[in-house]
Amino acid sequence: MRAQQGGEAEEERSDRRRWRPLRRIDYPRRGRRGVRRWLPSWRQLLLTTGLGTAVLSGLAGWFYVTTHVPEDLNAFATQQNNVYYWADGTEMARIGETNRQEVPLGQVPESVRWAVLSAENETFYSDPGVSVSGIGRAVYEMATGGDTQGGSTITQQYVKNIYLNQRQDVSRKLSEMVIAVKLGRRMSKQDILAGYLNTSWFGRGSYGIERAAAAYYGKDVSQLDPSEGAFLAALLKGAGQYDPAVSPENHERAVERWSWILDRMVDGGRLSAAERARYTVFPEPRTPPKGAGLAGQIGYLVDLSRGFVESHSDITPAQFDLGGYQIRTTFEKAKVNALAAAVQEATKGLDPDNREADKLLKVGAASVALDGRIVALYGGPDYRKQGFNNANTSTVPMGSAFTPLVYAAGLDQGVQRRRDGGRTPVTPGTTYDGDNGVNVTTPEGPYWGRDGKIVKTANDGKRNWGRVSLRSAVEQSVNGPLMQLGMDVGLDKVQQTAAALGLLPESLGELVPAFGVGNSTPSAIRAADAYAAFGSGGSHTDPYSVSGVTRNGKPVDLRLPTAARALPAAVAADVDTALKGAVRGGSAQAVAGAGVGLAAKPGTTPDRTAGWTVGYNGQLSTAVTVFRADLTDMKLQSLEGVGGAAPDTPDSDLPGRIWTAFMKTAGQ
């Protein structure tokens, strides 16, 4: 028995000796005091590092073995049309197909190839297909919430192209890296470069450099010179940001990157300095043609819908161009047609060939449901003739149609007439001096303009109204009291109210006295949406043009706007009362024939460069704007005499007639 007990004791001592390394890893450490008690020993560090390395190596090996290279590297090219539907589910437009044509690498000029490599991956022929430092940067940026782009070699970008998986997360990056390594062992560098050039998205629906050459320069890729090749290489960073036809900002970015790529080619010995000196003028690409099936208003509706989807989902422009999406819009066909008919009827008397005032006239209009759905739009006479959307412009001042927003801010936030005093409530019955030419004041005294003169109020027709209530000022469109109200509320406070009602920051004007009478430039869409809050008890929803998206029958996540409280219900009701009063016997009584329960406000500007009518019934809020401008520079011109009107005809007359005709039909 003792022998047995002795054997068991010896075995226990042996076990203790066997696990002594683990037994000695005590943490916090015994026998140590202060900070040293919490510092690991070298044995603990070695063991932890070794275990961590083993685990990571095992995971990396498992990930490498289980990650497979796709068998069909051209499977991504399978594409369907994108189909857009009206709000009732009937088909509106069918857009496609992918514009792609594969070419051998030998047909791509060497200078064009090096333009791409100089821009995207100078070490392509010497690197292993992955950039460890680039991957590290990309993973770090993803972990810290920074920019997720970049960090990829040509091989990795080719992998991303053939998978068309634009997800930016660690798992996708690791898969991309492993497949790139495997692909580099399976394919030659020349084949990888050829595949990359034939599968990359260059914008304008073009996949591959052959179709890009045709889309931007109307020529075969073999005919491109180094300068044109450098521009196409610039598009690889993001065609939506570098296609010059999209915006002036895009043009500036494109020129800058084009020049940088040519300089990089010189630095890398791929272009001589003498040849670089030949390319000092940006090779302007041709204007993109308008697609078939986009005639009339359809093109404007499709553009707006696509823009909404791309900004409110994870679908990239490249994925959109591959197609296969079904887009359910909020547009109602009957209302779109009714709005276009109203514009055509109201403008049929224009004679731009023989009347100077009728030249360059533009009409934009939008109708938004009280819950934010854009149900109708008028962007211009025909999308194929004018791609610019007049209803979505951000360069036309809203004028006096902005004053109800000032009124709302005053009722909601009160006024502060002394800098060291508190805020004082105002009501619809609060009176102001309604005479013309009254000094605009601040708590410190008169407001001095940049011209060295005191800024004064200016009423339409320079009319003097005497003391007038704020509600009457809105109803009768007396601008002076509302300009002063804006100053008393605080222009920053008015700005906050305008933003809460959906006006975009970039459209809000300079905070000077003119801010209160409409130096802001919201689109017709945003103006209609802001007024919708007055008719819905102060609840506001950002405007949206798409209610749902599917791909091959499967729903795609779409971030739709939600309602938010923009104004207290009582304030919205007071503004609503004033706008209804304007229709009953005030400045908007010309639109009274459009139905019952109407609330509206005309809008004009002191320099006569814009005319508006904005208002709503119980279902829809509609904004109509007219302006004259050459779309090449968007410089606004006077509306005086449009349609042969008398000089004293208000510039809100034409938009008022369009608004009335549409709302009369839409309300039925």
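Residues are numbered from 1 along each chain as its sequence is written. In this predicted model, local features need pLDDT of at least 70, side-chain atom pairs count only at pLDDT 80 or more, totals for chains, interfaces and linings use all residues, and side-chain values use heavy atoms, with hydrogens and water left out.

**The sheet**

Helices (H or I, at least four residues) and strands (E, at least two) are DSSP runs, numbered from the N terminus. An open sheet holds 5 strands in the order β2-β1-β6-β14-β15. Its pairing is mixed. Two strands pair if DSSP finds at least two bridges between them. β2 (91-95) and β15 (554-556) stand at the edges, each with a single partner strand, so one side of each has no neighbour in the sheet. Neighbouring strands are turned by 25 degrees against each other on average, direction ignored.

Strand β14 (residues 546-551) runs antiparallel to β15, and 3 bridges join the two. Val 549 has Val 556 in β15 as its bridge partner.

Helix α14 (residues 298-311) lies across β1 (82-85), β2, β6 (325-329) and β14. α14 runs at about 75 degrees to β2. Axes are lines fitted to C-alpha atoms, for helices over the stretch in contact, and angles run from 0 to 180 degrees between N-to-C directions.

**Helices α19 and α20**

The axes of α19 (residues 479-489) and α20 (residues 491-500) come within 5 Å and cross at roughly 100 degrees. That makes α19 roughly perpendicular to α20 (the class spans 65 to 115 degrees). Gly 486, Met 487 and Val 489 in α19 meet Leu 491, Lys 493 and Val 494 in α20. Contact means heavy atoms within 4.5 Å. The residues of this contact divide into 4 nonpolar, 1 polar and 1 charged. Ala, Val, Leu, Ile, Met, Phe, Trp, Tyr, Cys and Pro count as nonpolar, Asp, Glu, Lys and Arg as charged, and the others, Gly among them, as polar.

In α20, Leu 491, Val 494, Thr 497 and Ala 498 are buried (under 20% relative accessible area, 1.4 Å probe, protein chains only). Seen down the axis of α20, they fall within an arc of 115 degrees, so they line one face of the helix. The arc is that of the directions from the helix axis to the C-beta atoms. These buried residues pack against α17 (403-413) and α19.

**Helix α9**

Of the 9 residues of α9 (residues 209-217), 8 are buried, so the helix is largely enclosed by the rest of the structure. Among them are Ile 209, Glu 210 and Tyr 217. The cover includes α4 (110-120), α8 (189-199), β4 (201-203), β5 (206-207) and α10 (226-235).

| Residue | Follows | Phi |
|---|---|---|
| Gly 218 | α9 | near 65 degrees |
| Gly 502 | α20 | about 105 degrees |

Pro 481 sits in helix α19. At 1% relative accessibility, Pro 481 counts as buried. Leaving aside neighbours within four places in sequence, Pro 481 contacts Tyr 432, Asp 433, Gly 434, Asn 459, Val 468 and Ala 473. Pro 481 and Gly 434 are 47 residues apart in sequence, yet 5.7 Å apart in space, C-alpha to C-alpha.

Thr 541 lies in the loop between β13 (539-540) and β14. Its relative accessibility is 8%, so Thr 541 counts as buried. Not counting residues up to four places away in sequence, Thr 541 touches Asp 371, Gly 372, Asp 529, Pro 561, Thr 562 and Ala 563.

Definitions and conventions. Parallel < 35°, antiparallel > 145°, perpendicular 65-115°, else oblique. Buried < 20%, exposed > 50% of the residue type's maximum accessible area, 1.4 Å probe, protein only.
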